[in-house]
Amino acid sequence: MIEITILGQRYQVPEGLTILKAFEWAGFHLKRGVGCRAGFCGACGTVYRFIGDYRLHYALACQTVAQSGMVLGTIPFFPAQRPAYELSTLQPTGETLLGVYPEIMTCFGCNTCTKSCPQELDVMSYMAAALRGGIENLADASFDCIMCGLCVARCPAELVPPNVALLGRRLYGKYLAPQAEHLHVRVQEIRAGKYQAEIQDLKDLPLAELKTRYESRQIEA
Amino acid sequence: MSYPTQIRESMTKVEVTRQRRLTETHPRLSAQERETILKKFHPDYIEEAFRVLRLGPNRGERAPRELADALEAPAVIRHVPELLNDPVSHICDVLVIGGGGAGACAALLAQEYGASVLLTTKLRFGDANTMMAQGGIQAADKENDSPALHYLDVMGGGGFSNDPELVEVLVNEAPDVIAWLEALGTMFDKEPNGRLRTIHGGGTSRKRMHAARDYTGAEIMRTLRDEVRSRGNGSQTSILIWEFRPVVELLLDDQGRVAGAVALDLDTGQYMLIQARAVVIATGGSGRLHYQGFPTTNHYGATGDGLVLAYRAGAKLSFIDTMQYHPTGAAYPEQILGQLVTEKVRGLGAQLCNVEGEQFVFPLETRDVESAAFIRECQERNLGVATPTGQPAVWLDAPMIDLIKGPGTIARELPAMVRQYKRFGIDMLNEPILVYPTLHYQNGGVAISPNGGTQLPGLFIAGEAAGGIHGRNRLMGNSLLDICVFGRRAGVAAAEYAKQAEVADFSLNHLENWEKMRQEAGLQDDQPAPIILPDYTRAQTARTIP
């Protein structure tokens, strides 16, 4: 058993549990601060210190093993700035990012965001890309962001990096990514009814015949 | 953490055979062999895990015991008359229940078709299985592919039991869904010339699996969510979002039409009456019911609530006796037991190996067959790898991906998986990983028509809560697809229905009938449903230190 502190109260829990499971073992029936339980949704952003150590640590509760001496706190909700925008009216430029989120100019490069990212993303660097109007760089470097909001809670310039990055990715995906011509051709073909008869034929086949067709279909190498 | 010694011995065998295996392809199973292995080893065929439903629209049909308990349960709401005297909290044209991918799609399209929309969800908007889908989304958009080939793959994968009308819609609208998601700003993996990068999934005859690294569902979900939020600006036709307010009951009018719902505010414990002309249930799956004691890949809130709501209101369910067990759930370390290891790992070329380091199954059989083969390898042949907790496992030889596709492929294509294993001391670039089937997907659900409609006027279903699209087994990449295809269709249909629907007095009279039916069936005062959230606390929790 190890001893940990959850929201100010001390508990003994078995060794080897994730922080999330340690909460539950201790009796918390969680509503907030829990989500996918697999590291994808960002619901369980957690801050902790060790007793006697001034340093602050950051983790996803579902992806981190509880250790003896942890003093744990969760962030059930943190307000995040997100102005309304209509993507189809925006230009994929740095001016757009600055127009929607002018406060990003106040970043003074303290790197707290990067230090607090449980995904180990270089948040400050992608925010710098946003400032420079480097949308492709912003989109690529922020791609693995799960929007847990730990950097939002810690940024002394009061910025919301996950939302800036999301806008950057949407601008890139819609306007800057090279177009997939084959996709648009296929959409038109389907609208024109090109495959209708072929599918109808399959629908009309007796089951035995359909099974034969399935078993004998060519598989792309 | 890394691997303990006894596991390392077996891992060495995998490493020794790797070079040789690079040139070997394990043969696919024949139709006959597939049928045999399913019947003998797939959890759907374990008779004692199922029972017959004693009341409701599917009375006499079999369902997993855990689901049957929820479907037959008494309502959460106990004091109906008092509740109905409460003021109505919100009035809208279309109520969308569930904030995953299907709910977001339905909300967007309902709004585009002129409806005022309330989207209410159990946890946060986007807390859903959609967010966790890693591997990809299918669409037949390449020159050597066609919707007809996609149709054939879907039908064969589903054991030819799928509803052909639903499958036709699914495959025909797939390329349009990809184009729509791109127009919303979703970033799919592409070649420099714009061609979409695609690979195989289990049971596909063409490489039609589109991905966004291994965050495909997350990328789709956060894009859709951002778009919904963009439209939630309080104008007359806008989308209002409620979080931490799951629905616990549908409201019906005296004609049996759906007229709204009752939500429960998880923070305050208050019930909220919602009057709506049409309702879309997009509550997802039920992995958190842990059928047969399996761990699950599913989200914390995946407790099958939508099935319970619809069933109690009189809607028929289909294919509820079949669940999908994803073959590659993490089997080690214990902290991530049951979590998803995306099928994309196999799509990129990783093979399965037994304790001796030898292949025992073609890596891209359909999920039901693949899972059954893993179980056979461990149970019947006794060639599984024993982990310290007793959890059986087989090897998934991830490092061979970089040998086949070039160095850097794993890091580029599977960043989430690499990150997850690194957190627990395993280097997936150089070490194989241990996997075993995990409860993944509810193949069936509420029976729907191609526009998401049910036999209850005003009730529409989309996403994992719907049944019939995938028959008895879903192919990889067809769930992210179906939430978009049928989410959009349900949104349109609900908005159109709402335009002509009368606003009628709502009631909870069906609960009275339900209680009567329960009593006639001799049922006790069981745990109410929807279950809302699983309880993983201990009866005797940790000793608090004073």
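**Group meeting: the core and the A–B contact**

Let me begin with the largest nonpolar core, which has 236 residues, and of these B:Val94, B:Ala106, B:Val279, B:Val280 and B:Ala494 touch the most other members. The largest share of this core, twelve residues, is supplied by helix H16 of chain B, residues 479-500. Please keep in mind that what we are looking at is a predicted model.

Let me turn now to the two chains, where 70 residues of chain A are in contact with 71 residues of chain B. On the side of chain A that touches chain B, at least two residues each come from several elements, including strand S2 (9-13), helix H1 (19-25), helix H7 (161-176) and helix H9 (196-204) of chain A. Sorted by class, that side of chain A holds 35 nonpolar, 15 polar and 20 charged residues.

Within this topic, I would like to look at one pair of helices, H9(A) and helix H7 of chain B, residues 147-157, whose axes come within 8 Å and cross at roughly 25 degrees. Because angles under 35 degrees count as roughly parallel, H9(A) is roughly parallel to H7(B). The crossing of these two helices, H9(A) and H7(B), is right-handed. From H9(A), the contact is made by A:Glu198, A:Ile199 and A:Leu202, and from H7(B) by B:Pro147, B:Ala148, B:Tyr151 and B:Leu152. By class, the residues of this contact are six nonpolar, no polar and one charged.

Note on methods: Residues are numbered from 1 along each chain as its sequence is written. Chains are lettered from A and ligands numbered from 1 in the order in which they are written. This is a predicted model: local features need pLDDT of at least 70, side-chain atom pairs count only at pLDDT 80 or more; totals for chains, interfaces and linings use all residues. A nonpolar core is a set of buried Ala, Val, Leu, Ile, Met, Phe, Trp, Tyr and Cys residues joined through C-beta atoms within 7 Å. A residue is buried if 20 or more other C-beta atoms lie within 10 Å of its own, exposed if 12 or fewer, and partly exposed in between; C-beta atoms are placed from the backbone. Helices (H or I, at least four residues) and strands (E, at least two) are DSSP runs, numbered from the N terminus. Two residues are in contact if their C-beta atoms, placed from the backbone, lie within 7 Å. Ala, Val, Leu, Ile, Met, Phe, Trp, Tyr, Cys and Pro count as nonpolar, Asp, Glu, Lys and Arg as charged, and the others, Gly among them, as polar. Axes are lines fitted to C-alpha atoms, for helices over the stretch in contact, and angles run from 0 to 180 degrees between N-to-C directions. Angles under 35 degrees count as roughly parallel, over 145 as roughly antiparallel, 65 to 115 as roughly perpendicular and the rest as oblique. A crossing is left-handed if the near helix is turned anticlockwise from the far one by less than a right angle, and right-handed if clockwise.
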